[in-house]
Protein chains: 2
Amino acid sequence: MLKTKVSKRLGKIPASPIRKLVPFAEKVKKRGTEVLHLNIGNPDIKTPDEMLQVLKNWKINPIGYSPSQGELEFLNALEFYYQKIGYSFVKKENIQITLGGSEAISLAFFATADLNDEIIVFEPFYTNYDSFAKASNIKLVPVTTSANNSFHLPAKNQIEKKITKKTKAILYCNPNNPTGTVYSKKETEMLIKIARKHSLFLICDEVYREFIYDGKKHISILSFMKKYPETMILIDSLSKRYSLCGARLGTLVTLNKKILDGVLRIAQGRLSAGLIDQYLGKELVNVPVKYLEKVNKEYQNRRNILYEGLKKIPGIFLKKPEGAFYAVVKLPVKNAEKFCQWLLTDFSYKGRTIMLAPAAGFYLSKGLGQDEVRMAYVLNSEKLKTAIEILEKGLKTYNSIINSD
Amino acid sequence: MLKTKVSKRLGKIPASPIRKLVPFAEKVKKRGTEVLHLNIGNPDIKTPDEMLQVLKNWKINPIGYSPSQGELEFLNALEFYYQKIGYSFVKKENIQITLGGSEAISLAFFATADLNDEIIVFEPFYTNYDSFAKASNIKLVPVTTSANNSFHLPAKNQIEKKITKKTKAILYCNPNNPTGTVYSKKETEMLIKIARKHSLFLICDEVYREFIYDGKKHISILSFMKKYPETMILIDSLSKRYSLCGARLGTLVTLNKKILDGVLRIAQGRLSAGLIDQYLGKELVNVPVKYLEKVNKEYQNRRNILYEGLKKIPGIFLKKPEGAFYAVVKLPVKNAEKFCQWLLTDFSYKGRTIMLAPAAGFYLSKGLGQDEVRMAYVLNSEKLKTAIEILEKGLKTYNSIINSD
């Protein structure tokens with residue numbers, strides 16, 4: 001008798017660079033060392049009371065299915081939200097509620113690309129895009145961006161030369177995870193031009209829309225969607241905006257009717273998003289404007305602390321992030337993954353250590369990002385300062401050991 | 001400039017026969033007619049208080065990500081559950097928490113079958129299996145079962161002749177949705193024998209495990225899993241057991257380490273299941289045994305009402321369902337889908353009508369199930385009796401119109 005074998009494609013799903021060091025962190029915690037998590041974008045900022053109040057007042061029983069497109073009240077709340085930020089053309093019927101931004105990206109991939117088709121991304125990119133692509137049997141084609149240029153887009157011809165007959169879409173994330181880059185109007189218009197010239201979909205992940213610093217203006221794909229209704233897909237989520245990562249609340253927004261019909265059929269297959277989560281989400285209409293203003297200010301302050309703190313550490317290179325709550329940081333080490341692991345297994349400072357995400361997993365091109373990490377500033381100022389101190393001490397110790405070997 | 005085109009595979013995702021008539025139901029509700037829903041397995045029975053109490057007492061803030069495998073306390077609760085039903089070998093590390101049973105099935109498909117591979121199913125089958133298969137670019141190969149035989153399995157050779165080089169797994173649902181069939185030990189052993197002989201995975205969907213009537217015994221795939229650890233995958237869910245459909249709480253259980261590792265990597269890509277939902281789920285350890293006993297008794301009583309009531313309607317054929325809360329019912333009409341639509345658009349009785357799921361969508365073989373519907377007995381006895389009365393009157397009126405045409 002032969003043995004059963006798992007599928008070949010299962011073996012191709014990459015381990016998450018954000019979560020792969022988790023077992024080491026668990027071990028060190030058991031030894032009593034505190035781990036400061038800068039590896040994952042899991043905000044420490046409180047969820048709005050208006051949303052949590054829903055739980056206290058819960059009346060619905062039983063907890064039944066929600067409509068596959070989404071709970072009507074939550075759809076209404078989102079219509080209100082998009083209207084409030086200036087896009088009143090976005091109606092309920094243009095929105096598919098998803099189980100987190102994650103499902104929205106998976107759906108966008110499936111809807112735009114057939115087997116072995118290609119989607120262009122800018123590396124370093126949010127690493128899970130590649131998991132979704134592999135699960136959907138499509139290929140991500142990376143266009144490399146550079147730390148020297150604050151990870152802004154390269155020239156048009158650098159992007160266009162990656163387009164083949166199999167290319168179906170361009171995906172970008174604005175503000176960018178992992179780099180914190182906020183793309184200019186000019187950059188956005190360049191992407192639209194390329195997409196239209198080559199008949200590609202333009203997919204934009206804007207889950208960090210609210211987190212833009214130094215008075216910069218965010219250029220949403222929504223400001224072009226009405227003009228190019230067939231071409232554009234917005235990926236959105238409440239996770240970061242309202243510190244709701246554990247409520248799986250994403251959206252896919254498009255004016256393309258065929259995409260909406262198709263993703264709804266897929267959504268019907270998986271029945272519904274979470275009922276309770278959507279009831280939390282619908283309260284966004286009652287969250288005061290000052291909540292987001294305060295959150296924005298807090299992240300900007302942390303960004304400053306991180307940037308100023310890291311700049312002082314010898315051998316570290318980074319440019320000032322413009323948005324989101326991440327930075328890609330070049331470290332004075334050869335192999336950042338080994339260093340990140342070492343920080344967990346062999347190092348602590350005053351009973352604490354830090355967990356970072358090695359950045360190589362955010363690149364597809366082999367060899368890139370080996371000396372980089374992604375840091376998420378989802379810790380309060382005090383903890384962030386401690387984390388920077390630990391990093392400095394850690395680098396010093398690590399390099400003295402390495403050099404004495 | 002060419003136009004952007006959605007992917008070809010998007011067009012192949014079938015519309016859900018359970019949900020496709022929803023727009024007609026919405027319209028009729030707006031006209032003031034009450035619609036009794038027998039189309040969808042969305043239980044009316046109350047969710048246990050022990051679970052809802054979690055919401056009242058909610059303390060966690062912010063609502064952050066849960067570990068990708070699942071929240072530890074919920075994993076512990078599930079370990080406790082499987083131990084309680086006699087399978088103490090099922091440990092936390094053998095469980096992947098999923099966003100509903102739906103995601104568990106998708107993961108099982110992806111993990112066992114490569115592109116264009118085949119999985120054997122018994123038709124009529126839970127229609128969304130085909131959505132997941134299409135989304136995963138694999139092919140379901142149906143083995144037909146018959147109403148005359150209460151939809152029990154056909155002879156071994158009937159199943160084996162569908163096995164090709166591309167077959168990777170056999171999927172069955174026990175107790176069965178949509179037929180209510182409960183497979184015997186002999187049938188289960190036959191499937192195991194076939195799976196082992198041909199090196200196939202055996203995937204069993206047991207989300208209705210608790211709903212078995214007339215003192216029958218349920219034969220779980222778990223009772224063979226220890227003996228054949230590489231071969232078996234259990235799909236499970238809290239949705240039906242505790243009336244928690246709107247909390248997306250499924251599980252994939254296997255002793256196959258390669259599958260567990262692979263599905264965890266996919267799960268890491270989508271980050272986490274819902275935090276709040278999992279906290280509800282973990283309360284299963286505090287739900288008294290009598291809750292499930294009462295629920296079981298209630299469904300058995302409804303099953304009796306449905307069966308006895310339908311048997312009296314001229315031209316209707318069904319055998320007594322043995323478990324779950326569904327029945328596939330043959331109606332004296334040529335095209336059950338047209339009839340179901342007509343019930344919504346053109347018929348009402350005392351201000352009410354019924355919504356049924358046309359069964360053709362539960363078959364892959366063309367032409368089968370045209371005169372069948374799936375009925376879910378998720379209404380209380382009184383409403384169920386009314387629904388049967390509406391069906392009887394509806395059939396009479398419909399056939400008199402059809403025959404006078």
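Two residues are in contact here if their C-beta atoms, placed from the backbone, lie within 7 Å. With that settled, the interface.

This is a predicted model, in which local features need pLDDT of at least 70, side-chain atom pairs count only at pLDDT 80 or more, and totals for chains, interfaces and linings use all residues. Residues are numbered from 1 along each chain as its sequence is written, and chains are lettered from A and ligands numbered from 1 in the order in which they are written.

Between the two chains, 74 residues of chain A touch 74 residues of chain B. Helices 1, 3, 5, 6, 10 and 11 of chain A each give two or more residues to that side; helices and strands are DSSP runs (H or I, at least four residues, for a helix; E, at least two, for a strand), numbered from the N terminus. Helix 10 of chain A gives the most, with seven residues. By class, the chain A side has 33 nonpolar, 25 polar and 16 charged residues. For those classes, Ala, Val, Leu, Ile, Met, Phe, Trp, Tyr, Cys and Pro are nonpolar, Asp, Glu, Lys and Arg are charged, and the others, Gly among them, are polar. Of the interface residues of chain A, 100% are also interface residues in chain B, so the copies meet through the same surface.

How is chain A superposed on chain B? A rotation of 180° does it, with 0.0 Å of shift along the axis and an RMSD of 0.0 Å. The two copies are thus related as by a two-fold rotation axis.

Now chain A by itself. Chain A has 14 helices and 12 strands. Its radius of gyration is 21 Å, close to the 22 Å that the globule rule gives for 405 residues, so chain A is as compact as a globular protein of that length. That radius is taken over C-alpha atoms, and the rule is 2.2 Å times the number of residues to the power 0.38.

The domain assignment, which is automatic or from a database, gives domain 1 of chain A as 11–41 + 289–404 and domain 2 as 49–286. Their C-alpha centres lie 26 Å apart. The contact takes 32 residues from domain 1 of chain A and 31 residues from domain 2 of chain A. On the domain 1 side, helix 12 (289–311) and strand 9 (326–330) of chain A each give two or more residues, and helix 12 of chain A gives the most, with five.

Some local points. A cis peptide bond joins A:Asn174 and A:Pro175, with omega about -5°. A:Pro175 sits in the loop between strand 5 and helix 8 of chain A.

Two residues other than glycine have positive phi. A:Leu271 has a phi of about 75° and lies in the loop between helix 10 and helix 11 of chain A. Is A:Leu271 buried or exposed? A:Leu271 is buried, with 25 other C-beta atoms within 10 Å. B:Asn116, with phi near 70°, lies in the loop between helix 5 and strand 3 of chain B. B:Asn116 is exposed, with 10 other C-beta atoms within 10 Å. The cut-offs are 20 or more other C-beta atoms within 10 Å for buried, 12 or fewer for exposed, and partly exposed in between, with C-beta atoms placed from the backbone.

Terms used. Copies are superposed by least squares on the C-alpha atoms of residues with pLDDT of at least 70 in both.
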